[in-house]
Amino acid sequence: MTSLHTTRVRPRSPGAVLAAAGLLTALLAGAGPASATPDPGDLTPGSSSGAAVPRSAVAAPDRELAPGEIPGQDEIVHSKNVTPLANVPSSYPNGINSDLAFQDRYAYAGSYDGFTIYDIGDPKAPKTVATVLCPGGQNDVSVYGDLLFLSTDSSRSDDSCHSVSQPATEKSSWEGIKIFDIKDKKNPKYIKSVETSCGSHTHTLVPGGRDIYLYVSSYSPSEAFPDCLPPHDGISVVKVPRKDPARAAVVAFPVLFPDGGNPGAPAHPGVSKTTGCHDITVLPSENLAAGACMGDGILFDITDPEQPRVIDRVQDNVNFSFWHSATFNERADKVVFTDELGGGGSATCNEATGPDRGADGIYDITGRGDQRRLVFKSYFKIPRRQADTENCVAHNGSLIPVGGGRDVMVQAWYQGGVSVWDFTDSTSPKEIAYFERGPLTTDKLGLGGSWSAYYYRGHIYSNDIVKGLDVLRLDDRRTDSAKWVWTDRLNVQSQPAYH
């Protein structure tokens, strides 16, 4: 086991951040499966001004956008039912912030440089508890008890937190899962790594009794990569004994696409070839999972967590480019799939792209048991127009547990901001609330905006790529019932049964 490095809220200079991250472009494009990742990385994060973000967002102007209006550079706008409560500037000002997880009074925020632990006991005044420097995109994060799991999908020189970017063509390169002990929130300890085929772009925690399982999603194999050879038509299953996490290991690689999956272009121009999955959401209460797998969307049974079994599979070769993530509704009779057109680094929330591409696809689940089928109903895309300098596309979101047979979720759209939308009627979804900032840049395409926007304990938390952690309060009769739903933990890709 190699060494680690953790810090307690120790700010670093922009130069140090870039050096530690291998200039970020090396993190993502430095040979290896990550070179083909559709998630951001090819653009320079940050605004042209580089101005600091105020800690408190209370003074944000309370105004809504006029139809077709684009707010001014860095201007904060939001619907009347949203109140910005706070912003904590990024621990890594020149890095890329990624996913979020929650447990008790803490939020865990991933970054391509490592992760940050926030105390959100008072949502109006979040506090940074610890910052861990451990470079390796994307560093998606999940938590369970005293354990934190971190995904590494950039080819590294070794499994330590001191590693540097190294080509995936070298057999000694490492990618996979890192496991930390977070019992002491101020001093997390790195205890174990598990190397996985093609790395770990994202992972999904499947809770159990004695053991925890991680479904590791990764893709883009190559004959030139010794640890990521084709075909790569499944997922890695990592088993983690709860009482002895140091024994964590890959126990299976179930093949989800025995026919190879969607062939992509040239058969289907503009569609990604399926060479693995990007993200999986499990619904343990129903032994169900939904997989967003590049060119395919799948529904599968996880009764045996080591051998998930595909029930149904769908494609959209007209409007979907890259199946990115999935969200069940509370009754488990719908799935929302997202399409990350342009990989999160393009301006696709504009008139030229239109309403059906770079959007969400809403699917009803019909039938029972092995006869369940995914049936397409409609698309949803934010109605607010974004500038051609703003990266914007459907991204990570979570259900808002309103109950009563109604379906509402909150979702990140990069520089499109945070959207709350209702899909109770699968054929007629509509936005009911929003929060966004104006363009980071007005002269060229920039990288920023909300990577993940999730609802936890009555508030919305957004991890902004550049600006850091935003906390929002939603006051709306259509969602107020969710404020009474209190969960002890939220890993969004491990969707709880709220009611």
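Analyst: Buried means under 20% relative accessible area, exposed over 50%, and partly exposed in between, using a 1.4 Å probe and protein chains only. Welcome to a predicted model, in which local features need pLDDT of at least 70, side-chain atom pairs count only at pLDDT 80 or more, and totals for chains, interfaces and linings use all residues. Residues are numbered from 1 along each chain as its sequence is written, and side-chain values use heavy atoms, leaving out hydrogens and water.

User: Thanks! Is Phe 102 buried or exposed?

Analyst: The relative accessible area of Phe 102 is 0%. The cut-off for buried is under 20%. Phe 102 is therefore buried.

User: How are the rings of Phe 102 and Tyr 456 arranged as a pair?

Analyst: The whole structure has 17 aromatic pairs, counted when ring centres of Phe, Tyr or Trp (its six-membered ring) lie within 6.5 Å; planes under 30 degrees apart are stacked, over 60 edge-to-face, and the rest tilted. For Phe 102 and Tyr 456, the centres are 4.7 Å apart and the planes meet at 20 degrees, so the pair is stacked.

User: How many residues apart are these two in the chain?

Analyst: Strands here are DSSP runs (E, at least two residues), numbered from the N terminus. Phe 102 lies in strand β3 and Tyr 456 in strand β27, so the pair links distant parts of the chain. The separation is 354 residues.

User: And what kind of aromatic pair do Phe 337 and Tyr 363 form?

Analyst: Both residues are buried. Their rings sit 5.7 Å centre to centre, with 85 degrees between the planes. That makes the pair edge-to-face.

User: Which residue in β13 is the bridge partner of Tyr 215?

Analyst: The partner of Tyr 215 in β13 is Val 237.

User: Last one: which side chain does Glu 431 join by a polar contact of 2.7 Å?

Analyst: A polar contact is a pair of N or O atoms within 3.5 Å; within protein, one must be able to donate a hydrogen and the other to accept it, and residues adjacent in sequence count only if both atoms are side-chain atoms. Glu 431, in strand β26, has such a contact of 2.9 Å with Arg 384. The 2.7 Å contact is with Ser 419.

Note on methods
Two strands pair if DSSP finds at least two bridges between them. Helices (H or I, at least four residues) and strands (E, at least two) are DSSP runs, numbered from the N terminus.
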